[in-house]
Structures are given as structure tokens and as C-alpha cells.
Amino acid sequence: MGHLSARNLITTRERLRDQVAHALRAALISGELRPGQVYSAPVLADDFGISATPVREAMLDLAREGLVEPVRNKGFRVTEVNERDLDQYTEIRTLIEVPMVGRVTKTATREDLEALRPVAEEIVRAAQQHDLIGYLEADRQFHLTLLALSGNERLVETVSDLRKRSRLYGLTALDERGELIPSAEEHLELLDLMLAGDAKGAEKCMARHLGHVRSLWAKGGGNAEPAAQRPKRALGTAR
């Protein structure tokens, strides 16, 4: 009985760690946690109203994803992604995803492709409703599920890692300008081309989509937000 109780306790702690990690990713996307800033796990824990342990564990998870890096005796620094990094991430994704979407167009069943339509529609709906977390989650699900139809698990892991490392900097500013909606609608266009069996058209659409995403990064200008929307104190900044 004691063993079972201990196992349940571990499960609960892991869930809390996952919840904190999700909240921290959301703060990264919104710009509340800013590139180059160092954040203290105890201070973050105080903001969340929990102990420091699950926060530290969550930050270590983010460090393994390349989103933050440990700073001895201080906490964790949010990693900065420069233009060269973004260009290289986009180039790798293009080399992988463009030919793969053509292959999947030829091999996937209509049922498998149609199953992606609700996800593509959710991407558009989230963009229209300014739901940035929902937008990124649906976008991630669409791309990785589509790649999974190739049957290559390592390929899916590689693209998932690239997505985590690149993130969509400046997403808040892009949302305010209404520039996420056209990018969101490209998922439906891609899906329609694949369902029509147009492998070449699907490849061109994917290449254009990834190029569009890269141009949005460039126009986003980092995680900067309008001054009126910036928090008075960034979440958990080391002090």
C-alpha cells in the first residue's frame, strides 16, 4: 500500500511539473519570459504559489528542449535565437517536410488525411480568436501528425525538436496585426491539395508555408510587445 501511495505521489508531482512547463512555454510565447533574462526557480515558484521543486524540474525540461539554459547559482536564462539560427532551422525543416508531404500525399489514405481537417480548422479558429497557445498547439499537432503518416518516428522527433528550439518569436505582435490568419489558412489549402492527390502542388504549398512562417518571424522583430501590454515585472525575474 505504501508503494502504491509513493507511486501516486510521484505521478502527481510529474503532472504538476508538466503543468508548470506548459505555463512557462506560454510565458515564452507571450513574451512575459524574455530572451536573455535570467529567472530564478524560487521566485517563479512564488509567482505560481507552489514549491520550487516542480518549477526547477520544469525548467530543466525546458533546458533539454533548448528553450532555457542553467546559470550557476542564479537560475535559468531564456535562450536567444538569432536570425541565422532561424534560417538554419527553416532550411532543415524545408529539406524534411517538403519532400515528405509529397510522399505522404501518394501513400496516405483519404481517411487519414481527412482526420487532419478538424485540426487545420482549429488552427484557423485559434488565429481568429487570438488564442496563441491554442494556435501553436493545433499547428504542432497538424504538422507532426502529418509527418507521422510517413511512418518515420525519428523524423517526427527531429521536426518536433526544431519547432521547440525556434518558437514563433513576436507572435503577439503578429496576432495584433492579423498576420497569423493567412498562415493558418495555408493548412487547409495544403490538406485540400493532398486530398486531390496533387503531390507537387502540396510540396509547393508546404515550401511556401514554411517560407511564410520564416518571414513572419523576421517581421515579428523578437518577443517585443507594445509597452502598454508589458507586465510591470517579468514573471519570476531573478532579483
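How many residues apart do R140 and E137 lie in helix α7? The two residues are 3 apart, about one turn of the helix in which both lie. This pair is taken up again below, after an account of the whole model.

The structure is a predicted model, in which local features need pLDDT of at least 70 and side-chain atom pairs count only at pLDDT 80 or more, while totals for chains, interfaces and linings use all residues. Residues are numbered from 1 along each chain as its sequence is written, and side-chain values use heavy atoms, with hydrogens and water left out.

The protein has 11 helices and 3 strands; helices (H or I, at least four residues) and strands (E, at least two) are DSSP runs, numbered from the N terminus. Read from the N terminus, the order of elements is α-β-α-α-β-β-α-α-α-α-α-α-α-α. Of the 239 residues, 46% are buried, where buried means under 20% relative accessible area, exposed over 50%, and partly exposed in between (1.4 Å probe, protein chains only). The protein exposes about 12,400 Å², and carbon and sulfur atoms supply 51% of this area; accessible areas come from the Shrake-Rupley method with a 1.4 Å probe, and for residues only the protein chains shown count as cover. Among contacts (heavy atoms within 4.5 Å) between residues at least 6 apart in sequence, 76% join residues at least 24 apart.

The largest nonpolar core has 38 residues, and those with the most contacts inside it are Y135, F142, L146, L190 and M194. A nonpolar core is a set of buried Ala, Val, Leu, Ile, Met, Phe, Trp, Tyr and Cys residues joined through side-chain atoms within 4.5 Å. At least two residues of this core come from each of α4 (83-107), α6 (117-128), α7, α8 (153-166), α9 (171-176), α10 and α11 (199-220). Helix α7 gives the most to this core, with 8 residues. Another core, of 18 residues, lies apart from it and includes A41, A45, V55 and V78. In helix α2 (residues 41-48), the buried residues are A41, V43, L44 and A45. Helix α2 is followed by G49, whose phi is positive, near 80°.

Helix α10 (residues 180-195) has 16 residues, which at 1.5 Å a residue should span 22 Å; its end C-alpha atoms are 24 Å apart, which agrees. The expected span is 1.5 Å times one less than the number of residues in the helix. The buried residues of α10 are L180, S183, A184, E186, H187, L190, L191, M194 and L195. Leaving aside its neighbours within four places in sequence, L190 is in contact with V101, F142, L146, A202, C205 and M206. After α10 comes G197, with a positive phi near 80°.

D139 counts as buried because its relative accessibility is 8%. When neighbours within four places in sequence are left aside, D139 is in contact with I123, R163, H187 and H209.

Side chains of opposite charge can pair when their charged atoms come close. The structure holds 16 salt bridges, each a side-chain nitrogen of Lys or Arg within 4 Å of a carboxyl oxygen of Asp or Glu. One of them joins the side chains of R17 and D61 (3.1 Å, N to O). R17 lies in helix α1 (residues 2-30) and D61 in helix α3 (residues 52-64), so the pair ties together parts that are 44 residues apart in sequence. R17 is partly exposed at 23% relative accessibility, whereas D61 is buried at 13%. R17, D18, D61 and R64 are linked in a network of salt bridges.

R140 is partly exposed, with a relative accessible area of 34%, and E137 is partly exposed at 40%. A further salt bridge joins R154 and E153 (4.0 Å, N to O). R154 counts as exposed at 53% relative accessibility, and E153 counts as exposed at 57%.
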